[in-house]
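Visitor: I would like to learn how to read a protein model, one feature after another. Could you take me through this one?

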Amino acid sequence: MTTSEAVRIYQDNLDVVSRALMDCDLPLMMRHIAVPNMMSTKDTEIVMSSPEELDMVISDFRNQLLARGVETYERTCIEAAFVAGRDDMIAGRHKTATTGEDGVAVADYLNHMVLMRIDGQWKGIWLQAIMDNTELQILSPDIAAAQAEARRMLNTLRR
């Protein structure tokens, strides 16, 4: 497996999922994002454990983009490679750019992502946006708060 093949697979996933996000096409997205799925920002992380949670998070994010006037949402692979010793896992980095009626709608930001081939299909299993969630609520605040509270409770019980 070559680096150029990893970049092509990674970019193909970015393109399909970006289009599905803006079209609000959950069935298409589910073919390219694994559930459970972990997403994080610098200050928040969530695990989506069902298609319904994925739909809620994606819908919230899409609404956030639309509220900011985003008309185009494009993600571009910067680098990607097969994980050492694995031909079923790719790790990479990409940039997200948006435009609106007046130009840039949301400042560009970087992301890290891991794809895994599951039942013959490349799916995102983990995504990290390199920004605070407060900058652009990428992760649903309600789900993030509930999961953070559950982690706090578990940490209290362990003591």
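Visitor: Is T41 buried or exposed?

Guide: Burial is read from relative accessible area: under 20% is buried, over 50% exposed, and in between partly exposed, using a 1.4 Å probe and protein chains only. T41 has a relative accessible area of 5%, so T41 is buried. T41 sits in the loop between strand 1 and strand 2 (45–48). Helices (H or I, at least four residues) and strands (E, at least two) are DSSP runs, numbered from the N terminus. Before we go on: this is a predicted model, where local features need pLDDT of at least 70, side-chain atom pairs count only at pLDDT 80 or more, and totals for chains, interfaces and linings use all residues. Residues are numbered from 1 along each chain as its sequence is written, and side-chain values use heavy atoms, with hydrogens and water left out.

Visitor: Which side chain joins that of T41 in a polar contact?

Guide: A polar contact is a pair of N or O atoms within 3.5 Å; within protein, one must be able to donate a hydrogen and the other to accept it, and residues adjacent in sequence count only if both atoms are side-chain atoms. Here the side chain of T41 meets that of D43 at 2.9 Å. Another case is N111 in strand 6, where a polar side-chain atom lies 3.5 Å from the backbone oxygen of Y109. N111 is buried too, with a relative accessible area of 2%.

Visitor: How do I read the pairing of strands?

Guide: Two strands pair if DSSP finds at least two bridges between them. Strand 6 (residues 109–118) runs antiparallel to strand 7, joined by 8 bridges. In that pairing, I118 has Q121 as its bridge partner. Strands 6 and 7 form a hairpin with 2 residues between them, and D119 in the turn has a positive phi of about 50°.

Visitor: How many aromatic pairs are there?

Guide: A pair of aromatic rings is described by the distance of the centres and the angle of the planes. Rings of Phe, Tyr and Trp (its six-membered ring) pair if their centres lie within 6.5 Å; planes under 30 degrees apart count as stacked, over 60 as edge-to-face and the rest as tilted. The whole structure holds 2 such pairs. F61 and Y73 have ring centres 5.9 Å apart and planes at 75°, so this pair is edge-to-face. F61 lies in helix 3 (residues 51–67) and Y73 in strand 3 (residues 72–82), so the pair ties together parts 12 residues apart in sequence. The other pair, F82 and W122, is edge-to-face as well, at 6.1 Å centre to centre and 65° between the planes. This pair links strand 3 to strand 7, 40 residues apart, and both F82 and W122 are buried.

Visitor: Which residues touch the most other members of the largest nonpolar core?

Guide: In soluble globular proteins, nonpolar side chains tend to be buried together. A nonpolar core is a set of buried Ala, Val, Leu, Ile, Met, Phe, Trp, Tyr and Cys residues joined through side-chain atoms within 4.5 Å. The largest one has 36 residues, and Y10, L21, L65, Y73 and I90 touch the most other members. Helix 1 gives the largest share, 9 residues.
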